[in-house]
Amino acid sequence: MQWVVATAAFFASAVEFVEAFTIVLVVGVTVNWRSALLGALAAAATLALLVATLGVAIVQWVPIDVLRLVIGVLLLLFGLKWLKNAILRYSGLKARHDEEAIYEETRAELRARGEVEASSPRFDLFGFLLSYKSVLLEGLEVAFIVITFGASAASSTVSRSSGIASASLGALLAGLLVILAGALLRVPLAKVPENTLKFVVGIMLTTFGTFWTGEGFGVDWPLSDVFLLILAAIYLCAAFLLITWLKQVKKQQQAPAIENQSAPTIEQTEEVIP
Amino acid sequence: MKVIKAIYNFIVGDMVILIGIALTVTILALINNISTLAPLKGISGPILVIGVLSSLVATLSREAFSLR
């Protein structure tokens with residue numbers, strides 16, 4: 001069991017599953033639970049097939065050095081995307097992900113389309129496809145992380161298989177946890193700290209991406225694997241500095257706008273006084 | 001074209017990050033393959049980290065200042 005791989009897959013999957021769960025919940029409540037759950041299960045089966053076939057192909061056919069370089073670069077791109085969005089959300093320059101708003105928006109769309117409140121237990125193709133599409137799209141990112149992380153984390157073919165198994169286990173645990181929480185609460189999981197999870201996963205993906213890209217180019221990292229912690233610390237410090245800087249930029253951008261808003265008010269009061 | 005765009009959006013979705021990382025990887029590939037640049041091999045690690053951080057700073061700057 002490779003704990004680092006399993007943990008990274010767990011956090012990344014938790015975020016994506018929460019997003020997918022919101023849509024499945026809307027379909028379940030608005031169309032019917034049968035179509036929603038069948039769609040989600042079909043998507044989960046598609047994803048499992050994807051991980052199994054692609055994972056096995058990568059483990060058996062691609063040399064580890066090539067794999068680390070290619071996957072390292074892909075993880076860097078992927079990790080930087082997550083990290084950028086998380087930093088923008090922390091600094092207030094981008095709106096935070098609001099599961100309740102997404103829930104209401106999708107529900108309104110379904111109502112506008114004429115779907116009734118879970119009245120009919122009959123299979124509904126539209127509900128099935130909506131549930132399938134949302135789970136598949138959110139799950140693709142999870143599948144990508146499971147395959148890349150699992151396959152690159154070890155050096156031998158046997159440990160690479162165990163890496164993918166560990167990552168799959170982490171993703172599966174996250175999925176079960178989200179489904180369990182969702183089934184108990186029956187409301188959008190708005191209290192899950194999605195941005196914090198995305199930030200942590202962004203740091204992890206960027207750290208591992210840098211480490212493996214470096215190894216692909218023959219870089220001998222000082223202290224070997226321990227250098228991962230140093231890389232993570234460097235990116236964490238940089239991220240906190242960037243958040244602080246962006247918050248200041250936002251304040252500076254807001255200051256003239258506030259001044260412009262208050263200026264006419266003063267003129268108006270002056271006019272009224274005489 | 002739609003497929004390429006979908007893959008691009010799925011993996012990165014940000015041209016600044018893509019160009020920054022591509023540039024960094026190209027520099028590292030040159031250092032690894034051109035003999036005159038071989039003395040720089042020892043600082044490949046720091047170059048990679050600086051490249052990653054520069055890409056992040058560049059894309060965030062673009063986002064921050066495009067909002068003005």
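Let's start at B:A64, which sits in helix α3 of chain B. Keep in mind that this is a predicted model. Is B:A64 buried or exposed? It has 20 other C-beta atoms within 10 Å, so it counts as buried; the cut-off for buried is 20 or more. What does B:A64 touch, once residues up to four places away in sequence are set aside? Three residues of chain A: A:L93, A:L246 and A:V249. Now look back along chain B to B:K41. That residue is 23 places from B:A64 in sequence, and their C-alpha atoms are 35 Å apart.

Next, the whole contact between the chains. Chain B puts in 26 residues, and chain A puts in 27. On the chain B side, three helices each supply at least two residues: α1 (2–11), α2 (15–33) and α3 (44–66). Which of them gives the most? α3(B), with 13 residues. By class, the chain B side has 17 nonpolar residues, 6 polar and 3 charged.

Stay with α3(B) and bring in its partner from chain A. That is helix α7, residues 194–216. The two helices pack at an angle of about 145°, and their axes are 10 Å apart. The crossing is right-handed. Which residues meet there? From α7(A), we have A:T206, A:T210, A:T213 and A:G214. From α3(B), we have B:S44, B:G45, B:L48, B:V49 and B:V52. Sort the residues of this helix pair by class and you get 3 nonpolar, 6 polar and no charged.

A bit more on α7(A) itself. Just after α7(A) comes A:G218, with a positive phi of about 80°.

Move on to A:F227, in helix α8 of chain A, residues 227–272. This one has 18 other C-beta atoms within 10 Å, so it is partly exposed. Beyond its neighbours within four places in sequence, A:F227 is in contact with A:W221 and A:P222.

Now α5(A), residues 125–152. It has 28 residues, which at 1.5 Å each should span 40 Å. The end C-alpha atoms are 39 Å apart, so that agrees. There is a bend to point out, though. α5(A) has a kink of about 30°, centred on A:G139. Is this helix enclosed or open? Of its 28 residues, 20 are buried, so α5(A) is largely enclosed by the rest of the structure.

Last, chain A as a whole. How many helices and strands does it have? The count is 8 helices and 0 strands. Along the sequence, the pattern reads α-α-α-α-α-α-α-α. Chain A has 274 residues, and 45% of them count as buried. Then the contacts within chain A. Take those between residues at least 6 apart in sequence: 87% of them join residues at least 24 apart.

To close, back to the chain contact. α3(B) gives the most on the chain B side, and B:A64 in that helix touches A:L93, A:L246 and A:V249.

Conventions:
Residues numbered from 1 in each chain as written. Chains lettered and ligands numbered in written order. Predicted model: local features only at pLDDT ≥ 70, side-chain atom pairs only at ≥ 80, totals over all residues. Contact = placed C-beta atoms within 7 Å. Helix = DSSP H or I, 4+ residues; strand = E, 2+ residues; numbered from the N terminus. Nonpolar A, V, L, I, M, F, W, Y, C, P; charged D, E, K, R; others polar. Expected span 1.5 Å × (residues − 1). Bend = angle between axes of the 7 residues up to and from the residue. Buried ≥ 20, exposed ≤ 12 C-beta atoms within 10 Å, placed from the backbone. Axes fitted to C-alpha atoms, helices over the stretch in contact; angles between N-to-C directions. Left-handed = near helix turned anticlockwise from the far one by under 90°.
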